[in-house]
Amino acid sequence: MTRYQSGRVVEWKGRDMLLSAGASIVVRSAGSKTLADLVAMFKDSTWAIQCKRAKPSTAEVEGVRYQSRFTEAGWAIVWWQHAECEVQCFRNGKPLIARWQ
């Protein structure tokens, strides 16, 4: 499996989780080298999500936190570790507590 294929699988997992959590639309940015792999629209909010196959570096988490300062959207970085999903969420540059299952 190529890196692109394994990354796509992770993004599909994230998409499915967001739809299960009530997102009305989830858009995937295929082959993206930007901070948002997915954009999810809920009734009351919009989220930009970076998906990772493994635990992100401090610089990657900081990049998502920093970007959250410039939009009204919530931002999250999501990764899978031992088949379990881990999430860090930010809004206006500040961490949020969020639980996704």
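Colour the chain by secondary structure and read along the sequence: the order of elements is α-β-β-β-α-β-β-β. In total there are two helices and six strands, where helices (H or I, at least four residues) and strands (E, at least two) are DSSP runs numbered from the N terminus. The model is predicted, with local features requiring pLDDT of at least 70 and side-chain atom pairs counted only at pLDDT 80 or more, while totals for chains, interfaces and linings use all residues. Residues are numbered from 1 along each chain as its sequence is written, and side-chain values use heavy atoms, with hydrogens and water left out.

**The whole chain**

Select all C-alpha atoms; along the principal axes their trace spans about 35 × 30 × 25 Å. The radius of gyration is 13 Å, which agrees with the value near 13 Å for a compact globule of 101 residues; the radius is taken over C-alpha atoms, and the globule rule is 2.2 Å times the number of residues to the power 0.38. Next, display the surface: the protein exposes about 6500 Å², of which carbon and sulfur atoms supply 52% (Shrake-Rupley method, 1.4 Å probe; for residues, only the protein chains shown count as cover). Of the 101 residues, 36% count as buried, meaning under 20% relative accessible area, with exposed over 50% and partly exposed in between (1.4 Å probe, protein chains only).

Select residues 74–81 and 84–91, which are strands S4 and S5; they pair in the antiparallel sense over seven bridges. Two strands are said to pair if DSSP finds at least two bridges between them. Within this pair, show Trp75 together with Phe90, its bridge partner in S5.

**Val61 in helix H2**

Select residues 58–67, helix H2, and centre on Val61. Val61 is buried, at a relative accessible area of 14%. Beyond residues up to four places away in sequence, Val61 touches Pro56, Ile77, Gln88 and Phe90, a contact being heavy atoms within 4.5 Å. A C-alpha distance drawn from Val61 to Ala76, 15 residues apart along the chain, reads 8.8 Å.

**Two stops on strand S3**

Select residues 46–52, strand S3, and pick Gln50. Is Gln50 buried or exposed? Gln50 counts as buried, at 8% relative accessibility. Residues up to four places away in sequence aside, the contacts of Gln50 include Thr34, Leu35, Ala36 and Asp37, as well as Val64, Ala76, Ile77 and Val78.

Finally, select Thr46, also in S3. Thr46 counts as partly exposed because its relative accessibility is 33%. Leaving aside neighbours within four places in sequence, Thr46 is in contact with Val39, Ala40, Met41, Ala73 and Gly74. The C-alpha atoms of Thr46 and Ala23 are 8.9 Å apart in space and 23 residues apart in sequence.
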